[in-house]
Amino acid sequence: MSTVTLTSVPGPAQIYPKAVGAMLPVIGKPARVAADAVVPDTVYRLENLTIDRAQLQAYCRTTGLPFGATVPVTYLFVLSFPLAMTVMVDPKFPLGAIGSVHIENTIERFRAIGVDEPLTVQTHAENLREHRKGMLVDMVSEFFVGSERVAAQTSTFLKQQRTSLSGGERGPAPKEIAPPPPDRVVSVDLGLIRQYAETSGDRNPIHMADLSAKAFGFSKAIAHGMWSAATALANIEGSLPGAVTYSVRFGKPILLPAKVNAYTKPVDGGYDVSLLNRRKGYPHVTGTVRPRG
């Protein structure tokens, strides 16, 4: 692998024009990803990244997470997001950044990370593969304090299309039954999600307005998956051990505005968390939080 060390954090003004350009006919990326396509082996790296306390505080305000001396586990996704987007807007990367669906995310934190600790973050893509709904790819990020590896993350994205696996057996459909009484009810609207987009840097059109979301097949704007993943931890983030693994799977999107049921269940020294549709009970996000041995 080759490594490209960036001198500053790529901003939306650098990233999104390239992401939009990749969608254009002729000059953009192909609409279909070939089964034998490969992803570039480039690693993008940012050294001595300093966390902006004001931005982190705004992030905590939009997600309900506590703001304190340590970095919330899901904020690691925010720190790596500009690098992941940089990978995806590379002309040689086969998937378009806009339109790819974030379906799973796992963050392994090996110890608590202080807000004042400068971080080195590096990200690359790997494991492009077929799925019955399209092509999957993993975006792998690592986080260092000096030479110490303090966290790792795998974010899995889906490019929807037909593949050789599309005719395979489907899993069970999400259950549509009245859910049990929630531990809490979470309200979210477009204004809150736009605030989250500002603090996270994720301004994908599907989150920003109903009209732009409809262009990608949604009836309304939808909440970010990682907003949901963060909000699901709001009641327990402050009690998590330093060494922890948080894995989430995203279900049906949250159409805005909405109220959803939040659940937190102690399991195996950790927790199972979920956000469910209030009326039909199907999952928007399900996750496991487990201490590392």
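Biologist: With which residues is Y246 in contact, leaving aside its neighbours within four places in sequence?

Modeller: Contact means heavy atoms within 4.5 Å, and on that reading Y246 is in contact with V73, T74, N105, T106, I107, A229, A232, L233, V273, G287, T288 and V289, its neighbours within four places in sequence being left aside. Please keep in mind that this is a predicted model, in which local features need pLDDT of at least 70 and side-chain atom pairs count only at pLDDT 80 or more, while totals for chains, interfaces and linings use all residues. Residues are numbered from 1 along each chain as its sequence is written, and side-chain values use heavy atoms, with hydrogens and water left out.

Biologist: Which residues have the most contacts inside the largest nonpolar core?

Modeller: A nonpolar core is a set of buried Ala, Val, Leu, Ile, Met, Phe, Trp, Tyr and Cys residues joined through side-chain atoms within 4.5 Å, where buried means under 20% relative accessible area, exposed over 50% and partly exposed in between, with a 1.4 Å probe and protein chains only. The largest one here has 75 residues, and Y59, F93, W227, Y246 and I254 have the most contacts inside it. Helix 3 (residues 75-88) gives this core its largest share, eleven residues; helices (H or I, at least four residues) and strands (E, at least two) are DSSP runs, numbered from the N terminus.

Biologist: How many of the residues of the protein count as buried?

Modeller: Of its 293 residues, 51% count as buried.

Biologist: Is Q160 buried or exposed?

Modeller: Q160, which is found in strand 6 (residues 148-160), has a relative accessibility of 51% and therefore counts as exposed.

Biologist: In what sense do strand 2 and strand 4 pair?

Modeller: Two strands pair if DSSP finds at least two bridges between them. Strand 2 and strand 4 (residues 119-131) pair in the antiparallel sense over four bridges, with L119 as the bridge partner of L49. By contrast, strand 1 (residues 2-6) and strand 2 (residues 42-49) run parallel and are joined by five bridges, and T3 stands opposite V43 in strand 2.

Biologist: How many helices and strands does the protein come to?

Modeller: The secondary structure comprises seven helices and eleven strands.
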